[in-house]
Amino acid sequence: MGKLKGIIMAGGKGTRLRPLTCDLPKPLVPVANRPVMAYGLELLQRHGITEVGVTLHYLSEKVQEYFLNQGFEGRLAFFREEKSLGTAGSVKNAASFLDDTFVVLSGDALTDLDLTAAIAFHRERGALATLVLTRVECPLEYGVVLMEEDGRIRCFLEKPGWSEVFSDTVNTGIYILEPEILDYVPAGEEFDFSKDLFPLLLREGKPLYGVVLEGYWCDIGNLEAYRQAQEDVLAGRVKLSLPGQEIAPGIRVEEGVEIDPTARIEGPVLIGAGSRVGPGVHVGPYTVLGRECCLQEGASLKRSILWDRCFVGRGASLRGVVLGHQVQVHAGVSAYEGVVVGDRSVLQEGSELEPGVKLWPHKVVEKGAKVKDSLVWGYGYRRYLFGAEGVLGLANIELTPESVARLGSAFGACLGKGSAVVVTSDSYPVSLMLKKALIAGLQGVGLRVKDAGEGVTPMTRFAVRHYDLAGGVHIKVTSQNPDKVRLVFLEATGGNLSRSTERKVEEFFYREDFARETPTGIFPVDFLEEVFSAYLEHLSRLCSPRLSGLRLALLYEPLNLARFVRGLAERTGITWLEFDAAYSSSHPRPWSFYQQRLPDLCRMVVENGADGGAVLDANADHLVLIDERGRIIQDDLFTALLALVTLKQQKGPVVVPVTAPRAVEELASKYRAKVVRTKASRRELWREAWQHAAEHALLYFDALAAILRIFSFVAENRTTLAKLADEIPSYFLVRRDVPVAWKAKGRVIRRLAEEHRGKQVEFIDGVKVYHPEGWTLILPDPEEPVCRVFSEGASMEIAESLTDFYSERIKELTED
């Protein structure tokens with residue numbers, strides 16, 4: 001048996017730590033004045049592993065130079081990649097070094113987990129690969145794992161969305177591996193442990209295990225995690241050997257530190273070698289000073305991190321700030337929470353940096369300047385931009401012209417210079433304002449912008465396909481809350497962006513270093529005035545000639561929809577009986593208003609002998625139907641109605657979301673067709689519908705088209721909407737929202753999955769548990785701190801009982 005060896009993966013760029021990592025590889029980012037990778041080397045040594053291979057890619061020479069000059073007791077071997085090979089590919093590149101069981105660590109993780117225990121577990125189980133796991137509050141950035149009782153891995157999903165989270169147990173990136181595992185990794189190709197290798201091993205039934213260890217672990221993947229890691233180290237939450245000595249409780253200094261007697265220092269604090277703290281200086285808790293820093297008289301620092309050779313002038317005030325190497329902060333400067341300043345930047349006298357500002361390296365802030373935005377296109381936004389559908393935020397507060405322009409640039413950078421996109425908005429003033437900013441951002445990175453004017457979301461989807469474009473964006477005021485706007489980003493099929501593309505856009509947005517186009521490379525905006533007519537013509541082709549003379553009551557938003565409604569009347573001969581036709585406003589009514597007026601619209605249908613009625617939201621995304629008897633058809637009943645019409649036309653398979661009632665399967669069985677269930681998100685529904693050429697499912701995304709297709713079927717078959725609804729089998733479905741804090745969602749879903757191990761459970765979306773007389777789906781919401789509970793039963797009593805049971809169980813789990 002060979003000697004146990006270690007591998008540290010140290011090739012990452014650390015893009016989410018910029019501007020700190022613009023010129024510094026991520027493994028050399030200092031934590032408590034030592035490179036984070038040094039702690040990983042010490043951890044291996046502490047567990048008897050002294051022969052270590054280091055995989056390198058980004059700024060590899062800096063990593064190699066630093067550690068060759070250090071006195072690490074053991075042998076370091078470096079393996080450089082000419083191109084990025086991914087995590088597993090980088091280890092494969094070091095295969096010549098590995099002749100027995102070996103341990104893999106990430107060079108950017110800070111941990112004190114017990115590797116000896118993990119190695120013993122690995123050998124006891126006879127595993128080919130053992131993943132070291134831990135519990136986290138927010139699992140979205142990690143590989144989520146669900147295990148059997150003996151530790152064998154059952155499910156694995158890399159960086160899920162909230163609706164996909166089935167556990168709060170995540171992959172730490174620490175692995176105990178046998179060298180045979182490298183036989184599954186292609187040489188010289190990009191191949192990842194989490195995305196490629198582990199799913200492959202699961203499919204082939206190989207002994208893949210996970211062991212949950214107690215202890216500290218932090219993936220220093222972004223600036224927030226970096227700050228937290230520093231605080232955890234100073235607070236003693238992680239077992240590390242820190243530099244210097246403790247001269248007073250919580251105050252640790254390295255060699256050659258000079259502290260004026262009048263200075264006030266409150267621990268925990270670490271002061272680097274050769275630093276000078278002047279008279280009257282206040283150094284507050286959770287502050288780290290690098291080597292040879294100078295704090296002049298009256299300076300005040302709290303919860304701040306300074307790298308080597310920083311200068312802080314008289315009376316300067318820093319609160320929750322991170323300064324890179326050799327930053328100069330002149331007298332009277334103020335910088336606040338979340339400010340990050342890159343290497344060798346200069347903040348001149350009396351300048352002020354507002355919260356969240358980032359400065360890239362070598363920048364100068366002029367004397368007395370007040371900096372509200374980063375010098376590289378903006379500052380501080382929420383960590384996850386995309387929610388259930390696109391990007392949602394308070395109009396002109398969270399989504400301002402500045403942030404929307406930057407979003408446009410991020411989307412454009414993702415698509416690539418020269419790509420053509422269509423941009424639209426609804427007719428409300430705030431949407432029109434933000435559309436201009438979005439267009440500017442897209443143009444700024446070299447995209448060809450097609451402005452299709454004012455419209456509705458399905459018109460934008462149509463335009464993307466009709467003109468064979470790379471993508472599109474529609475900006476709309478939300479019907480749920482008219483104070484908010486939503487930016488719906490579309491891919492080339494007209495569907496919402498995939499989650500992987502959303503992540504790329506987020507990465508570009510936060511990285512803030514996308515390439516700006518030169519003035520001569522800016523393309524003029526192309527105005528597509530014909531899109532409206534082309535879209536109406538497209539809708540008209542969906543119609544039966546028998547629609548002419550049909551009378552339908554309609555409740556809608558005239559400002560944005562009137563020209564669509566009246567244009568369709570001219571082309572189809574439908575007579576619209578407009579409810580509240582005199583309404584006119586530059587602001588849309590909330591969806592709650594429509595729900596309140598539904599009884600009035602039902603009476604209007606019956607009293608006027610209309611063929612039916614409909615409610616449209618302002619952007620034609622959502623639809624409620626009313627049959628000629630005044631019965632409301634929405635949500636699950638509407639889903640079943642669309643399925644029935646499709647089945648009668650023999651245009652299966654039927655694609656429905658996982659939340660749809662089992663009545664759809666009953667109908668499909670009757671018509672001998674297949675049902676495809678998708679995740680609940682609109683993105684996944686579109687993708688499956690597109691893949692299966694399921695035109696009916698695409699009607700979920702176009703309320704206007706849905707009205708025309710459904711009533712065309714009614715007219716062609718000389719039936720009524722009520723008769724169609726009567727054919728749908730009875731079902732009993734209950735929905736409820738249960739408040740769950742963001743940090744508890746992963747734990748709740750994991751516990752529910754564990755409690756039902758061995759039972760019939762699905763993980764298509766959230767956790768779906770089957771019972772003899774029904775089922776319950778627990779689905780974490782991606783935009784709100786709630787879990788949504790859906791239950792269907794053989795009776796309403798059973799459905800409500802299931803909902804009550806799981807709602808109470810979720811509440812109990814949140815309190816654990």
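**Notebook: a walk through the chain**

I started at Arg344, which sits in the loop between strand E30 (340–341) and strand E31 (346–347). Helices (H or I, at least four residues) and strands (E, at least two) are DSSP runs, numbered from the N terminus. This is a predicted model, where local features need pLDDT of at least 70, side-chain atom pairs count only at pLDDT 80 or more, and totals for chains, interfaces and linings use all residues. Residues are numbered from 1 along each chain as its sequence is written, and side-chain values use heavy atoms, with hydrogens and water left out.

I looked up phi for Arg344 and got a positive value of about 60°, although Arg344 is not a glycine. Arg344 is partly exposed, with a relative accessible area of 42%; buried means under 20%, exposed over 50%, and partly exposed in between (1.4 Å probe, protein chains only). His362 also has a positive phi, about 65°, and is not a glycine. I found His362 in the loop between strand E33 (358–359) and strand E34 (364–365).

One joins Arg18 and Pro19, with omega about 15°; Pro19 is in the loop between strand E1 (5–10) and strand E2 (30–31). Another joins Gly267 and Pro268, with omega about 5°. Pro268 lies in the loop between strand E17 (264–265) and strand E18 (269–271). I noted these spots because most residues other than glycine have a negative phi, and most peptide bonds are trans.

**The six-strand sheet**

I traced an open sheet of six strands in the order E36-E40-E39-E37-E38-E41, with mixed pairing. Two strands pair if DSSP finds at least two bridges between them. At the edges I have E36 (391–394) and E41 (526–527), each pairing on one side only. Inside the order, E37 (residues 420–425) runs parallel to E38 (residues 448–454) over five bridges, and Val422 stands opposite Lys450 in E38. Helix H7 (residues 401–415) packs on this sheet and touches E36, E37, E39 (471–477) and E40 (484–490); contact means heavy atoms within 4.5 Å. The direction of H7 makes about 10° with that of E40. Axes are lines fitted to C-alpha atoms, for helices over the stretch in contact, and angles run from 0 to 180 degrees between N-to-C directions.

**Strand E47**

Which residues of E47 (residues 654–657) are buried on each side? I get Val654 and Val656 on one side, and Val655 and Pro657 on the other. E47 and strand E48 (residues 675–678) run parallel, joined by four bridges. Val656 has Arg677 of E48 as its bridge partner.

**Two helices crossing**

I checked H9 (residues 457–466) against H11 (residues 531–540): they pack at about 95°, with axes 10 Å apart. That makes H9 roughly perpendicular to H11, since 65 to 115 degrees counts as roughly perpendicular. Among the residues making the contact are Phe462 of H9 and Tyr535 of H11.

**Cores**

A nonpolar core is a set of buried Ala, Val, Leu, Ile, Met, Phe, Trp, Tyr and Cys residues joined through side-chain atoms within 4.5 Å. The largest has 77 residues, and Phe564, Leu616, Leu623, Leu625, Phe638 and Ile707 touch the most other members. Helix H18 (residues 703–716) gives the most to this core, 10 residues. Apart from it I found another core, of 63 residues, including Leu43 and Ile305.

How values were computed: Angles under 35 degrees count as roughly parallel, over 145 as roughly antiparallel, 65 to 115 as roughly perpendicular and the rest as oblique.
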